[in-house]
Amino acid sequence: MINTALQKTASMLVAGGDGQLSRVTVRNVCFGGEQVPVIAGPCAIENEECLRETAFKVRAAGAVMLRGGAYKPRTSPYSFQGHGIKGLECLARIGEEMNMPVITELMDAEDLPAVMEHTDIIQVGARNMYNYSLLRKLGKINKAVVLKRGISATIEEWLLAAEYILAGGNREVILCERGIRSAETWTRNTLDLNAVALVKQLSHLPVIVDPSHGTGVRSLVAPMSMAALAAGADGLLIEVHPHPENALSDGEQSLTPKGFSQLMRQLEPLAALLGRRVR
Ligand code: PEP
Ligand code: MN
């Protein structure tokens, strides 16, 4: 096996033969090095003013990349599904305005050309981790991919899903732990930080953590962000909305800009203690 995300020995081939851990660099943001980039933004791109306000405030607080979904995988077909191409255009426009790279989710292969054009990183959502034909297509592109862990995926299944992308030739893969389904009902998901520490040992790929979907509970996002850093996370993906109570999706787990800024101030000394930095 070559290009494997699983085996340390073979992963040396991916890293260029020197056994180094892989780094994924997107514009001025590097995942897998000393920096622990924080990606922030709303769950969904709702409208331009809302995205601009969020981007402005998260950037001021230290976020280095803007998130926002244009194609939303919602449990109910009657929930807000995202603004599609209009949302993508809005995200690209605000990213340019704020000089921030952007990330958005690709749900369907038919949207690949549009998403390629408007984003710096393509996110594969938890529900698509098993979509092997989509993963194969992403193996053929020249753009970084964040691969979220499936809702009930084992670590091995997750790494082998990454393998589909790597095997196609795209080495710009970042893994994202976003919680798995467990017996617990107080939280939306159970954030599996075992997986973060373990995957850092098993794979050369950078691993980021999404404590927003990992908990589903706003008050748990800060403590689990800090725990993620301590577990070795190479980045964070955090939902922020200026008015979470009115958000069209995932308001209950979204931080306010103020809450986000407080969190960034808590993360700074912790990152320093770990020999890393969040900005
Ligand atoms: C999201 O990031 O908004 C999202 C839908 O995430 P997940 O695929 O992890 O549920
Ligand atoms: Mn969301």
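## Ligand 1 and its surroundings

In this predicted model, a backbone N or O atom of A126 lies 2.8 Å from an oxygen atom of ligand 1, a polar contact in the sense of a pair of N or O atoms within 3.5 Å. The table sets this contact beside two made by side chains.

| Residue and atom | Distance to an oxygen atom of ligand 1 |
|---|---|
| A126, backbone N or O atom | 2.8 Å |
| R67, polar side-chain atom | 2.9 Å |
| K148, polar side-chain atom | 2.9 Å |

Of the 300 Å² of accessible area that ligand 1 has on its own, the protein covers 98% (Shrake-Rupley method, 1.4 Å probe). Ligand 1 has 13 residues around it, of which R67, K72, A126, K148 and R178 come nearest (a heavy atom within 4 Å counts as near). This shell divides into 7 charged, 3 polar and 3 nonpolar residues, with Asp, Glu, Lys and Arg counted as charged and Gly among the polar ones.

The protein chain holds 10 helices and 10 strands (DSSP runs of at least four and at least two residues, respectively). Its radius of gyration, taken over C-alpha atoms, is 17 Å, close to the 19 Å that the globule rule (2.2 Å times the number of residues to the power 0.38) gives for 279 residues, so the chain is as compact as a globular protein of that length. Along the principal axes, the C-alpha atoms fill a box of roughly 50 × 45 × 40 Å.

Residues are numbered from 1 along each chain as its sequence is written, and ligands are numbered from 1 in the order in which they are written. Local features need pLDDT of at least 70, side-chain atom pairs count only at pLDDT 80 or more, and side-chain values use heavy atoms, without hydrogens and water.

Conventions
A polar contact is a pair of N or O atoms within 3.5 Å; within protein, one must be able to donate a hydrogen and the other to accept it, and residues adjacent in sequence count only if both atoms are side-chain atoms.
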